[in-house]
Amino acid sequence: MKILLIGSQGQVGQALQMPLSQLGEVVSWHRQDLDLTHLEVLSSAVLTQQPDVIVNAAAYTAVDKAEAEPTLAHQINGAAPKQLALAARDCGATLIHISTDYVFDGTQGSPYAETDIPHPQSVYGHSKLAGEQGIQAVGGRYAILRTAWVYGAQGKGNFVKTMLRLGADRETLKVVADQVGSPTWSQEIANTIAAMIPVLNEQTYGLYHYTNSGVASWYDLAVAVFEEAAQLGFPLKVQNVLPIATAEYPLPAQRPTYSVLSGIKLRDLLGITAPHWRQSLRQMLTELAKQTL
């Protein structure tokens, strides 16, 4: 099996390297290898490789910056996935694409299923939904995996790493407490994608949700980060974490207040239950400690 991994230097892309390599030959492309805004080049590059599986872990993920760069966000998150779906169809490959909880508006108050109607509130959310719809319009062999609140030891920036950095410098931090979701370790996403590949077929192609289990606010996650990090010996100055409302920390892009995703469909497909977010956070921080302390 030949697997083409696009976005190999992101936090999910880096986590995918090992589990995908256990399935077959992996060809890894990152931003320097391929410009996702050049659609014709993208198609020809994929067709040259003739992969059996394409995993698209690339995305424009700067949620607030997207409000000022809607065209670029839509090119990378909307147009490129559809082009990948067309290329996958032309070479008979299966496409696995990563999407987001931000396609929902967060007003539902109960876990979002794959059948719930998206209603994005930001440019980023609209661009990611456009990518989903483009893939679905092409049809064929695909799986779209929506996930949420992603963090990992790899990659440049994520909430957990930001908290560690700020917690090492400041005694008091204020963190939003009225947005609720499921923090999800990038390695769990990668392992899940690798587990999906062998079982995808005409009966199982389609849209799926995956996050770690359990629910938290950003404030809950920050407190947990500092509790776990202190036990592992990370350098921390922080003494107080104060909960605040979203309105007290305004940002350009609107976030869903509640974006918990139901993982029942994928659990039934794979026969496995996602680990609790606190358990995965502990594992990730343990790995990070080995790399940095």
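At what angle do helix α3 (residues 70-91) and helix α4 (residues 123-138) pack, and how far apart are their axes?

1. Basis of the note. The model is predicted, so local features need pLDDT of at least 70 and side-chain atom pairs count only at pLDDT 80 or more, while totals for chains, interfaces and linings use all residues. Residues are numbered from 1 along each chain as its sequence is written, and side-chain values use heavy atoms, with hydrogens and water left out.

2. Helices α3 and α4. The packing angle is about 15 degrees, and the axes of α3 and α4 are 8 Å apart. Axes are lines fitted to C-alpha atoms, for helices over the stretch in contact, with angles running from 0 to 180 degrees between N-to-C directions. Helices are DSSP runs (H or I, at least four residues), numbered from the N terminus. The two helices, α3 and α4, are therefore roughly parallel to each other; angles under 35 degrees count as roughly parallel, over 145 as roughly antiparallel, 65 to 115 as roughly perpendicular and the rest as oblique. The crossing of α3 with α4 is right-handed, that is, the near helix is turned clockwise from the far one by less than a right angle.

3. Contact of α3 with α4. Residues of α3 including Pro70, Ala73, His74 and Asn77 meet residues of α4, among them Val123, Tyr124 and His126, where contact means heavy atoms within 4.5 Å. By class, this contact has 10 nonpolar, 7 polar and 3 charged residues. Here Ala, Val, Leu, Ile, Met, Phe, Trp, Tyr, Cys and Pro count as nonpolar, Asp, Glu, Lys and Arg as charged, and the others, Gly among them, as polar.

4. Helices α5 and α9. Helix α5 (residues 159-169) packs on helix α9 (residues 277-292) at about 60 degrees, with axes 12 Å apart. That angle makes α5 oblique to α9. From α5, Val160, Lys161 and Leu164 make the contact, and from α9, Leu281, Met284, Leu285 and Leu288. These residues divide into 6 nonpolar, no polar and 1 charged.

5. Helices α7 and α9. The axes of helix α7 (residues 218-232) and α9 come within 10 Å and cross at roughly 45 degrees. Accordingly, α7 is oblique to α9. The crossing of α7 and α9 is right-handed. Contact residues include Asp220, Leu221 and Ala224 of α7 and Trp277, Arg278 and Leu281 of α9. The division by class is 8 nonpolar, 1 polar and 5 charged.

6. Second largest pocket. Its lining has 10 nonpolar, 10 polar and 1 charged residues. Helix α8 (residues 264-270) gives the most to this lining, with 4 residues.
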